[in-house]
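Me: Please walk me through how to read a model like this one, feature by feature. I'm happy with cut-offs and angles.

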Amino acid sequence: MPRYTINSQIERRVKFEDDASKEIMVDVDHVSMIFNMASEQLNSLKEYFIAIAHGELRFKELRALNDVSFTVRKGDVFGILGTNGSGKSTMLKVVAGVLEPSEGSVTVNGHIAPLIELGAGFDMDLTARENIYLNGALLGYSKEFINQHFDEIVEFAEVQDFLDIPLKNYSSGMVARIAFAIATIIVPDLLIVDEVLAVGDFMFQQKCEDRIRTLIEEYDVTVLIVSHDTNQIERLCNKAIWIEKGNTRILGDAKEVCGLYRLLGGRVGSNEAEKAILDALNFEFDEDSIEIPRSISGTDRFDTAIKLSEAAECIDSDAMVLFNDTRSIDAYIATSVCGFLNTTPQYLHNDAIPSATTLTAFKSRPQTVYAIGTKTSAEEIARGLSHEDYSPRVTVLESDLCLDSTETYQHFKSMGATWNTTAIVYSALDPNYGISLLSLMPYVYVNHTPVFNVDGDKGPERILDVIGDFERIIFVGTTKGRVTKIFEYATEKGLEIVHFDGKEPYDANEQVNDWIAGEWAKDGCTTFRIVVSSLTNTIDNTIVGAFAGSLHALLLFEDVKDIDSVSKALTFVGTHAHMIEGFEFLGDGNRFDDSEKLLICKRLAMAKAQEAKD
């Protein structure tokens with residue numbers, strides 16, 4: 001399927017209250033804006049005229065706006081959304097009369113105050129005082145008007161102490177303060193705002209928004225506003241339009257348009273994937289009955305490991321497992337060990353103990369600590385974790401540069417631990433092992449499954465020494481190269497072989513999850529939870545498997561910027577709805593906001609409703 005940024009109109013009905021009794025302030029009627037771009041660079045008028053004479057002057061047509069229509073009525077606060085380069089600012093310039101539309105028409109009633117390019121016309125060599133009069137004149141204000149409102153402008157801009165300093169010595173935020181104060185000193189009929197609320201510090205941004213809100217609420221000023229901040233659009237506006245690459249995607253109630261934009265705006269994907277997302281969104285369901293799942297996130301990866309440990313279920317262990325955060329292969333070994341010990345892994349960092357890990361040890365006081373993949377001695381780790389009357393017993397599990405887990409396997413076997421009769425074999429040199437192996441981690445945790453890496457000094461030989469203990473081998477990634485000897489041995493001995501070699505990450509994730517669900521069903525576990533994590537969350541994903549295992553949950557990876565991955569996640573949820581009990585999310589609001597979490601919950605509700613109907 002072709003993948004691109006979709007700009008076609010969204011076929012979805014949204015609320016759109018339009019009071020026909022109110023005066024129309026802006027009427028944009030089938031407007032297109034076309035720019036001609038020279039196909040080659042011309043550096044002088046001479047080159048330009050020579051190209052014309054030879055008939056070599058060619059242009060490429062760029063449609064910054066393509067047949068856009070909307071109406072803004074008296075008192076509306078109308079928001080314009082879209083990714084960079086989608087034509088938002090061009091539209092404001094057409095409305096303000098700066099640009100003449102190539103096609104269509106724009107009708108504007110009343111006096112306009114355009115806040116499109118703050119500071120345009122300022123002379124940086126003049127003082128702030130001089131620029132206030134200069135900029136005011138450019139906006140059409142008389143000297144007497146500026147005299148009358150001068151103190152008010154200065155007070156709002158908060159530049160009293162810098163009036164007679166040349167503007168070139170000002171920061172960009174201070175320049176924007178002056179420009180905003182001048183432009184909003186009058187009460188216009190129509191205020192046009194283009195991203196100006198993103199300038200200056202936080203307090204001044206709030207001050208600007210308060211002034212705009214005053215103009216709206218006290219003077220019934222009509223506002224046309226462009227912003228990338230969907231929360232701001234939702235907060236200020238009653239109507240909105242989403243423009244993508246010059247085309248109208250959807251027009252309607254600001255809250256609904258912002259919700260769609262958060263989920264789909266600027267995303268790459270196919271039309272089929274977008275349709276699957278819209279089908280879930282269009283499902284009529286009482287959203288208030290859905291409890292938004294929790295998100296687990298720390299201030300950094302060390303804190304996230306602690307948060308996962310605290311959120312894990314049935315964790316009652318007197319042991320702690322540490323691993324070196326510089327290599328993911330140690331995390332897989334740590335996860336298999338944590339399954340035995342009923343705990344979740346914590347980090348070492350460059351062979352040192354992070355303060356967050358130390359504090360966790362002080363709080364939980366584990367009697368035994370296992371450190372995997374570190375050059376630090378057991379004595380040093382014990383000293384780093386000891387506190388007053390507490391000192392743990394530390395075992396360092398290190399072998400062959402820590403590139404295989406045979407030593408860990410043998411150690412716990414000698415302690416009487418019962419490993420699974422299934423083992424996992426992979427090579428970290430294979431580029432296709434990652435997502436499949438990450439997806440297997442809940443199974444590794446729950447089923448006490450050892451993970452063997454064939455790389456390192458005599459890696460294949462070390463694994464061949466223990467592979468006879470198992471009845472089934474899961475090969476992740478290639479079965480060639482360093483894995484060949486183990487694969488040939490398993491084939492020769494008639495061992496059961498499972499092979500995951502998903503080259504496409506989301507397909508690999510789905511393939512492994514289907515297999516785990518089938519294996520757990522054989523053990524009588526017919527329901528499970530889902531832990532959703534972003535595929536871009538590479539560091540935290542190495543430790544989330546143990547947490548998911550503690551919940552008896554599967555891992556579902558998606559990238560909210562890729563709507564094909566979101567669609568695949570929704571498809572998986574729909575297919576397995578009868579088995580899914582609920583969701584957990586790994587990552588803060590930058591990874592998953594409430595609208596993205598609600599989407600997955602609605603897909604589950606949609607599938608369960610269909611099951612009940614059938």
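**Reading the features**

Reply: Let's start with arginine 267, which is buried at a relative accessible area of 13%. Buried is anything under 20% relative accessible area, exposed is over 50%, and partly exposed is what falls in between, using a 1.4 Å probe and protein chains only. Before we go on: this is a predicted model, so local features need pLDDT of at least 70 and side-chain atom pairs count only at pLDDT 80 or more, while totals for chains, interfaces and linings use all residues. Residues are numbered from 1 along each chain as its sequence is written, and side-chain values use heavy atoms, with hydrogens and water left out.

Me: Which residue does arginine 267 meet in a salt bridge?

Reply: The general idea is that side chains of opposite charge can pair when their charged atoms come close. The rule here wants a side-chain nitrogen of Lys or Arg within 4 Å of a carboxyl oxygen of Asp or Glu. Arginine 267 meets glutamate 596 that way, at 3.3 Å from N to O. Arginine 267 sits in the loop between helix 8 (254-264) and strand 11 (268-269), with glutamate 596 in helix 22, and the two are 329 residues apart. Helices (H or I, at least four residues) and strands (E, at least two) are DSSP runs, numbered from the N terminus. Glutamate 596 is buried too, at 8% relative accessibility.

Me: How many salt bridges does the structure hold?

Reply: There are 26 of them. Another is aspartate 125 with lysine 168, whose closest N and O atoms are 3.7 Å apart. Those two link loops 43 residues apart: aspartate 125 is between strand 6 (112-115) and helix 3 (128-138), lysine 168 between helix 4 (143-157) and helix 5 (172-183). Aspartate 125 is exposed, with 57% relative accessible area, and lysine 168 is exposed with 53%.

A further one joins lysine 413 to aspartate 469, with 2.9 Å between the closest N and O atoms. Lysine 413 belongs to helix 14 (residues 406-414) and aspartate 469 to the loop between helix 16 (459-464) and strand 19, so this pair ties together parts 56 residues apart in sequence. Both partners count as partly exposed: lysine 413 at 39% and aspartate 469 at 37%. There's also a network, in which salt bridges link Arg472, Glu496, Glu519 and Lys522.

Me: And helix 22: what distance lies between its end C-alpha atoms?

Reply: You get the expected span by taking 1.5 Å times one less than the number of residues. Helix 22 has 20 residues (594-613), so it should span 28 Å, and its end C-alpha atoms are 28 Å apart, which agrees.

Me: Next, aromatic pairs. How many does the structure hold?

Reply: A pair of aromatic rings is described by the distance of the centres and the angle of the planes. Rings of Phe, Tyr and Trp (its six-membered ring) pair if their centres lie within 6.5 Å; planes under 30 degrees apart are stacked, over 60 edge-to-face, and the rest tilted. The structure holds 21 such pairs. Take phenylalanine 475 and phenylalanine 487: their centres are 5.2 Å apart and their planes at 70 degrees, so the pair is edge-to-face. Phenylalanine 475 lies in strand 19 (residues 472-476) and phenylalanine 487 in helix 17 (residues 484-492), so parts 12 residues apart in sequence are tied together. Phenylalanine 475 is buried at 0%, whereas phenylalanine 487 is partly exposed at 27%.

Phenylalanine 500 and tryptophan 515 are edge-to-face as well, 5.8 Å centre to centre with 75 degrees between planes. There's a cluster too, made of Phe340, Tyr370, Tyr409, Phe412, Trp419, Phe452 and Phe470.

Me: Where does the charged end of arginine 211 sit?

Reply: A charge counts as over a ring if NZ of Lys or CZ of Arg is within 6 Å of the ring centre and within 35 degrees of the ring normal. Arginine 211 has its charged end over the ring of phenylalanine 156, 3.9 Å from the centre. Likewise, arginine 249 lies over the face of tryptophan 242 at 4.9 Å.

Me: Last one: how many disulfides does a search of the whole structure find?

Reply: A disulfide is a covalent bond between the sulfur atoms of two cysteines. The test is a pair of cysteine sulfur atoms within 2.5 Å, and the search finds zero. Cysteine 258, for one, has its nearest cysteine sulfur 7.2 Å away, on cysteine 237. Cysteine 258 is buried at 0% relative accessibility.
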